Each structure stands twice: as C-alpha cells, then as structure tokens.
Amino acid sequence: MSKDFPFTAILGQEAMQTALLLATIDPTIGGVLIRGQKGTAKSTAARALAKLLPSIAVVSDCPYHCDPDQPETLHDACRDKRAAEGALPREKQPTPFVDLPLSATEDRLIGTLHLEKTLQSGARQFAPGLFAAAHRGLLYVDEVNLLPDHLVDLLLDTAVSGVNRVEREGLHYTHASRFLLIGTMNPEEGELRPQFLDRFGLCVSVAAVDDAGLRQEIVRRRLAFDQAVDQFTASFVDQEDILRQQIVQARKRLAAVAIPADSLAHAVTLASVAEAQGHRAELALVRAARALTALFERDRVTSAEIDAVAGLALAHRFPGMSVLTQEEVASKLALASRPSASVASTENQTAVDLDSVDMVAFPGAAAAGTAPKERQTPASRSHRRPEPIGSPGASGRRPTRVRSRHGRPSGYSQYGQCGVGQACPDSRSDGPASV
C-alpha cells in the first residue's frame, strides 16, 4: 500500500489538482508551477499524482526506460540489441517519479563517466543521471525558485529539446529525456528567473482554505492518515482507480479532439489581451483546453474550455507584473472573454448549457475566478447538490455545466461536489470515464 497521501483525499485545492491532471493527460502543455503558502499540499499533490499514473512498458533492465514500441527513441545499447536480436524483452514499470534535490550536482543530473566500469572494461562507460531516470515520467523540484542557476540552465535545455547531451572528459553521449516538470515554490523566498518561469505551461497559485468546516475536514483526514496509513489509503482506492481510468481514457481521446477556428481565435484573443510575449501562451491555452475537453468526454474544444484554463495558462505571462492569481487573471480577461455570436453558436452546437446552470461543473472554475459562496464538507456534498452559483466566471458569465458526449455531466465534472474520482449519487456508470 502506498505511503503517500491519496490525490483524491486532498481538499480545497481543486485548481492545483486540475492543472496537474491536465498536464499528465497532455505533457506537451509544458509542466506545472505551483506557487503558494507553505502547508497547502503542494508537495503532497505532486507526489500523489505519480501514484495515479498507469504503468508504462519499458525495455527490461534499461536505465533509460526506453519504449520497446518506439524504436526511434531507443538509446544506443537498446538499438544495438534490437538490431542483433530482432526483438527486445519488455516489462511493466510504474511511471517514474524523480525528486531533484537542490543540492544535486551537474554530474548527478545529466550523468557522467562511470569510473569503476571504465577501469574494469578499459572503455568509457556512461553512468546515467536523473534526466535518464525521469524519462517518460515526472521530474519534481521542490523550492524550484532556489535551484542553482547552472542546474536551471540544464533543465531548460533538456526540457525544451527532450534530449540530454553529455560532452565532458572525452565522453560524448546522448539519450532521450522527456518528462513532465513539476515545480513548487513559496514566493516569499524569491521568484523564478523570467525565462524559466515562461517554460512552465501552467501556473497555479494556492492558498490556505478559508472555510472553517473544510479546514476541520482537512485536519481530520490528515490525522486519520497519520494514525493508520494503510486503512486511510484503502478507503480511497476506489476513487483513485476511477480517476486513473479517466486519465487513461482522456489520453486515448486526446488526438481526436477537434479545435475549431472560433476556439482558436478566442485563445489568441485572450493571449493578446494578456500581452503575452511569443506564442507559448496560445499553445498552452489550446493544449490545456484540449486536455480538459478529452477529460470531459467531448470531441471539440469550445470557448468554455478555453475560459476555464485561461487562469492557469496566463497567470505568469502578463508583462511587467508579478505572477497573478487565477482571480486576478479572470478580472483582467473579463471583457475579452465575452463570446462573439459565432463562438456562442459553436457552444450551442456542442451542448454547453449556459441557460440552465445549477452547479459548478469543473474545479478549474476556481482557476477562472469562480468560487462558491459557501463550501460544503465532503459528507454534505455526497448527499445533496450544491446551491446554484450566480457569481460570474472569467468570462463575466455564469459558470457552465459541461456535458459529456452522452448528454450528462462528465464524471470528472462532479469532482467539485463529490470529491475527485468519486461517484456522485445522480451519476451513471456505463463507462470507465463517466462515473
């Protein structure tokens, strides 16, 4: 049984959880930066996320986690073995989770000459580093703002290229290194370099929960976890399995999700209003919205999904400002988020019901600047639907209820009412991603 706090047991940080889930569905979004006060489950969520991800197929005994079904990404030894034997032995392994300590050296990060094997064999042997260990997995940096500049430079180079290149002491070595970068930080301890900050696709600001009832439930859950780890974790196994299946299904649907011209134009408009430099803002917006659409079992991105992720994709891209909260982003984008007639038409065609909203559909509504007036405890949420919420979202409109392709709210859309991965009393269960 895992000794990590379950992802689905975390309360009050829905925007953070949403950002992490979207990045795991589509790693090309570019990683997640979590900023906020100490004691707000930043590290807990990052570590718990790894337990949600499905196992991956790897070449047996390969330190680089090479994919046997992707011969073009094999490193030299696996490529030679495949050429000689015609097939590669395979096995299943958990998705890698690598913790990068602030005290790490360059050699530990990128790899270096393996002196013992080199002396024994007479030929230079390479000792893989953390970049190799993180390939096809998660690379987590706690207090990322305190990471030394020389390690930041290495991270930037590898994260962008997806390849780790080592040239030192007469050793020339390259291998694939594609990972989801997750960084957490307390802004009171300093900010990130601008070029590093811009590399994160999504950025979310977290703070302590204000609601007294929810704070009590958070304390109860933590005490229960500390007292009986296995028993507490077992009580969330079903919710974790549900969410894991939703991630798997969303990954399969991702490539089939269409991005209409109206939605793309809306994303560009928001990025322009934010005065974002370059085009990473639009790419992050569209990719995150596409991942959200796949999670909702939808087949096309609408402005509703663009608006829902705008606070995550643009919070760190406004020029001349410190990183904004999701609520501040919502305020600045409110005018630009008003849908044109063509966008509204697209939304009507895809069953985004703006006229009969009776609940918050998506935890990212908090990321878009929408928050319920009164939070409810998990117990109360499981027995009754939340009260209607009339506060405007990022677009100046009421929050939308996003429906799946089957015409009902997606299972994950119940996340804000019954907890992540939990089945709601009024939901149907005729599909692994619609619980």
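## Basis of the model

The model is predicted, and local features need pLDDT of at least 70, side-chain atom pairs count only at pLDDT 80 or more, while totals for chains, interfaces and linings use all residues. Residues are numbered from 1 along each chain as its sequence is written, and side-chain values use heavy atoms, with hydrogens and water left out.

## The sheet

Strands here are DSSP runs (E, at least two residues), numbered from the N terminus, and two strands pair if DSSP finds at least two bridges between them.

Strands of a sheet pair through backbone hydrogen bonds, either parallel or antiparallel.

## Strand β10 and its partners

β7 (residues 137–142) pairs with β10 (residues 179–185) in the parallel sense over six bridges. Gly137 has Phe179 as its bridge partner, and Leu138 has Leu180. β1 (residues 32–36) also pairs with β10 in the parallel sense, over four bridges, and Ile34 stands opposite Thr184.

## Burial of β10

Seven of the seven residues of β10 are buried, so the strand is largely enclosed by the rest of the structure. Buried means under 20% relative accessible area (1.4 Å probe, protein chains only). Phe179, Leu181, Gly183 and Met185 point one way from β10, and Leu180, Ile182 and Thr184 point the other way.

Terms used. Buried < 20%, exposed > 50% of the residue type's maximum accessible area, 1.4 Å probe, protein only.
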